[in-house]
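Hello,

Here is the structure I promised to pass on. Have a look at it first, and my notes follow below.

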Amino acid sequence: TEKNATSIKRLAKLVKNPNAKVIFMVGAGISTSCGIPDFRSPGTGLYDNLAKLNLPFAEAVFDIDFFEKNPEPFYTLAKELYPGNYEPSNFHYLMRLFQDKGKLHRVYTQNIDTLERAAGILPDNLVEAHGSFAKNHCIKCHKVFVQEIFEQAINEDKEFLKCVHCNGLIKPQIVFFGENLPSLFFSSWDDDCAKLGEDHIVIVAGTSLAVYPFASLPTEVPKITNRSLINLQRVGDFKNNPRKSDVIYLGSSDHAAEQLAAELGWLDDLKILTN
Ligand code: OAD
Ligand code: ZN
């Protein structure tokens, strides 16, 4: 649309500032084109498709109290969600391009699919706010469990795993409802937020901003820093407390990535990464 075209031009102009540094805040919407469903999109989202797991409520599958009593639904789902043969999207590679061009300050992701790593975002630039499947541990004594054994178990439909030390349940280090986010999330955001100035741009993409504390990040961005939302619809603080300076793109994150890359003269670089 015309509004989106204007937004891409405005965003490109901000990025072209030689001192520009970008912080991305992303969610499941940037991975739907990779074949991974998001959580809350009506019909296609995960929470609308959990009927077969017989849950009391959809989000119970990621609820720590529920998991302790009945780990089976999560193990069933983990098998489907386990990072496998998924390829990063255009949008993941656009973030990588910001890194290559020296314009990336940080990526905050709620996703557990590890596609930011796959796209080449460096560990120092990445905050996996809801953890990932990369490690797992005992929920009682917190001892780390060997990854390969967990992988084998979910792929072979074995009994769910128990800790050899204390018989506690083994669970990937993804953050469940009722659990704390990793301390790196809070320390990084404290540092980053304090530094945000007029040369920074915060780009929020592919998230419903429904889950806290992540959803409060865009709200905490100081007024001198430009914010942008790239999403199918307006969400969170962009809906409830819009700022005049907000740059809003309503549509697919991959289309936005291509259009922004084109506007910045980065389209060839993007094509090399996505091929
Ligand atoms: P949601 O499913 O809540 O929101 C995804 C958002 O992305 C929605 O607003 C969609 O409209 C939008 N969207 C979908 N496809 C898109 C596309 N191709 N381009 C642009 N936007 C698109 O997912 P999250 O906000 O990531 O927690 O959910 C937050 C947390 O809730 C997740 O991290 C997860 C869940 O419970 C855990 O797994 C611990
Ligand atoms: Zn244990």
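A residue is called buried here when its relative accessible area is under 20%, exposed when that area is over 50%, and partly exposed in between, with a 1.4 Å probe and protein chains only. By that rule, both Tyr82 and Phe133 are buried.

Before I go on, some housekeeping. This is a predicted model, in which local features need pLDDT of at least 70 and side-chain atom pairs count only at pLDDT 80 or more, while totals for chains, interfaces and linings use all residues. Residues are numbered from 1 along each chain as its sequence is written, chains are lettered from A and ligands numbered from 1 in the order in which they are written, and side-chain values use heavy atoms, with hydrogens and water left out. Helices (H or I, at least four residues) and strands (E, at least two) are DSSP runs, numbered from the N terminus.

Let me start with the aromatic rings. Rings of Phe, Tyr and Trp (its six-membered ring) count as a pair if their centres lie within 6.5 Å; planes under 30 degrees apart are stacked, over 60 edge-to-face, and the rest tilted. The count by this rule is 17 aromatic pairs. In one of them, Phe74 and Phe176, the ring centres are 5.1 Å apart and the planes stand at 65°, so this pair is edge-to-face. Phe74 sits in helix α3 and Phe176 in the loop between β6 (170-174) and α7 (183-195), so the pair joins distant parts of the chain, 102 residues apart. Phe74 and Phe176 are both buried. Tyr82 and Phe133 make another edge-to-face pair, at 5.3 Å centre to centre and with 65° between the planes. Since Tyr82 is in the loop between α3 and α4 (90-100) and Phe133 in strand β4 (residues 131-138), this pair ties together parts 51 residues apart in sequence. Ring pairs also link Phe39, Tyr47, Phe62, Phe67, Phe74, Tyr75 and Phe176 into a cluster.

Two charges sit over rings as well, meaning that NZ of Lys or CZ of Arg is within 6 Å of the ring centre and within 35 degrees of the ring normal. Lys171 lies over the face of Phe176, and Arg227 over the face of Phe238. The distance to the ring centre is 4.4 Å for Lys171 and 4.4 Å for Arg227.

Next, the helices. The axes of α3 (residues 72-81) and α6 (residues 147-155) come within 9 Å and cross at roughly 100°; axes are lines fitted to C-alpha atoms, for helices over the stretch in contact, and angles run from 0 to 180 degrees between N-to-C directions. That makes α3 roughly perpendicular to α6 (65 to 115 degrees; under 35 is roughly parallel, over 145 roughly antiparallel and the rest oblique). Tyr75, Ala78 and Lys79 in α3 are in contact (heavy atoms within 4.5 Å) with Phe150, Ile154 and Asn155 in α6. In α3, the buried residues are Pro73, Phe74, Tyr75, Leu77, Ala78 and Leu81, and they pack against α2 (64-69), β4, α6 and β6.

Helix α4 is largely enclosed by the rest of the structure, because nine of its 11 residues are buried. Among them are Phe91, His92, Tyr93 and Phe98. Just after α4, Gly102 has a positive phi of about 75°.

What else might you want to check in the backbone? The peptide bond from Tyr212 to Pro213 is cis, with omega near 10°, and Pro213 belongs to the loop between β7 (200-205) and α8 (217-220). Asn54 is not a glycine, yet its phi is positive, near 55°. Asn54 lies in the loop between β1 (21-26) and α2 and is exposed, at 68% relative accessible area. His142, also not a glycine, has a positive phi of about 65°. The loop between β4 and β5 (144-145) holds His142, which counts as exposed at 54% relative accessibility.

Finally, two single residues. Ser253, in helix α10 (residues 253-264), is buried at 9% relative accessible area. Leaving out residues up to four places away in sequence, Ser253 touches Gly29, Ile30, Phe91 and Ile230. Ala134, in strand β4, is partly exposed at 36% relative accessibility. With the same exclusion, Ala134 touches Arg117 and Gln147.

Best wishes
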